[in-house]
Amino acid sequence: MDTQDSHQEEQTQNSETVNGGTVSEGGLKDLGKGNEDKKIFVGGIAYDVTNEDLSQYFSQYGEVAQAQVKYDRNTGRSRGFAFVEFTTGEACRAALNAREQSLKGKTVEVKPAKSRENKKVFVGGLPADHPEEELRNHFEQYGKVEDIEWPFDKQTKARRNFAFIVFEEEEAAERASATPKQMFGSREVTYYYMYLAIDVNLDLYI
């Protein structure tokens with residue numbers, strides 16, 4: 001194996017997969033982004049609407065690549081919104097231009113899907129053994145938390161000392177990251193708004 005191949009393998013081993021993208025321990029530049037120009041947010045859907053219902057309904061505007069109803073991870077119940085991705089930007093725009101949308105007899109809200117990264121906050125210096133529910137409760141003071149991405153160390157299987165908090169609204173992420181250093185319990189942690197966190201060195205939080 002030559003030097004270049006060895007270096008590439010080392011980079012692969014020293015990375016975390018987060019939300020479909022790769023976060024290098026040397027920074028956050030490799031974090032994957034979705035095709036926002038082909039995605040829509042669908043809000044106010046009935047609780048019995050399925051992925052198949054969404055695909056069938058929105059296929060009138062063009063080919064649907066995937067549809068995903070969001071469920072509460074604790075109750076398993078639909079959270080009343082979903083995301084639909086089309087294969088083309090033209091189909092996405094056609095769906096957005098439709099004035100009124102009704103699915104299973106209920107009027108739904110259709111709007112562009114914002115990038116998940118714009119609603120995400122990086123938190124470094126976390127105590128690895130802290131309960132996730134307390135972490136969620138702490139950040140709920142800024143707005144509704146959609147998800148917590150708290151990676152595990154591949155070798156020790158323990159939590160890493162950093163996490164990503166995903167809010168439902170971009171404004172909540174901005175509020176949470178307004179003060180870069182805050183106290184979490186008895187420990188000082190560092191917050192970064194992901195939209196700005198291009199040069200964060202994850203080695204500092206291992």
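Q: Which residues does Ile45 touch, not counting residues up to four places away in sequence?
A: In this predicted model, Ile45 touches Val69, Ser78, Gly80, Phe81, Ala82, Lys106 and Val108. Contact here means heavy atoms within 4.5 Å.

Q: What makes Ile45 stand out in the largest nonpolar core?
A: That core has 21 residues, and Ile45 is among those that touch the most other members, along with Ile40, Val42, Leu54, Phe58, Val84 and Phe86. As for where the core comes from, S3, H2, S4, S5, H3 and S7 each supply at least two of its residues.

Q: Which residues does the second core include?
A: Among its 17 residues are Val123, Leu135, Ala163 and Ala176, and this core is separate.

Q: How do you know that the buried residues of H2 line one face of the helix?
A: Start with the residues themselves: in H2, residues 51-58, the buried ones are Asp53, Leu54, Tyr57 and Phe58. Looking down the axis of H2, you find them within an arc of 110 degrees, so they line one face. Turned away from that buried side are the exposed residues Glu52 and Gln56.

Q: What covers the buried residues of H2?
A: The cover includes helix H3 (89-97), plus strands S3 (39-43), S4 (64-71), S5 (78-86), S6 (101-103) and S7 (106-112).

Q: Why is Glu90 called exposed?
A: Exposed means over 50% relative accessible area. Glu90 has 53%, so Glu90 counts as exposed. You'll find Glu90 in helix H3.

Q: What separates the C-alpha atoms of Glu90 and Asp37?
A: A gap of 9.2 Å, with the two residues 53 apart along the chain.

Terms used: Residues numbered from 1 in each chain as written. Predicted model: local features only at pLDDT ≥ 70, side-chain atom pairs only at ≥ 80, totals over all residues. Heavy atoms only, no water. Buried < 20%, exposed > 50% of the residue type's maximum accessible area, 1.4 Å probe, protein only. Helix = DSSP H or I, 4+ residues; strand = E, 2+ residues; numbered from the N terminus. Arc of directions from axis to C-beta. Core = buried A, V, L, I, M, F, W, Y, C linked by side-chain atoms within 4.5 Å.
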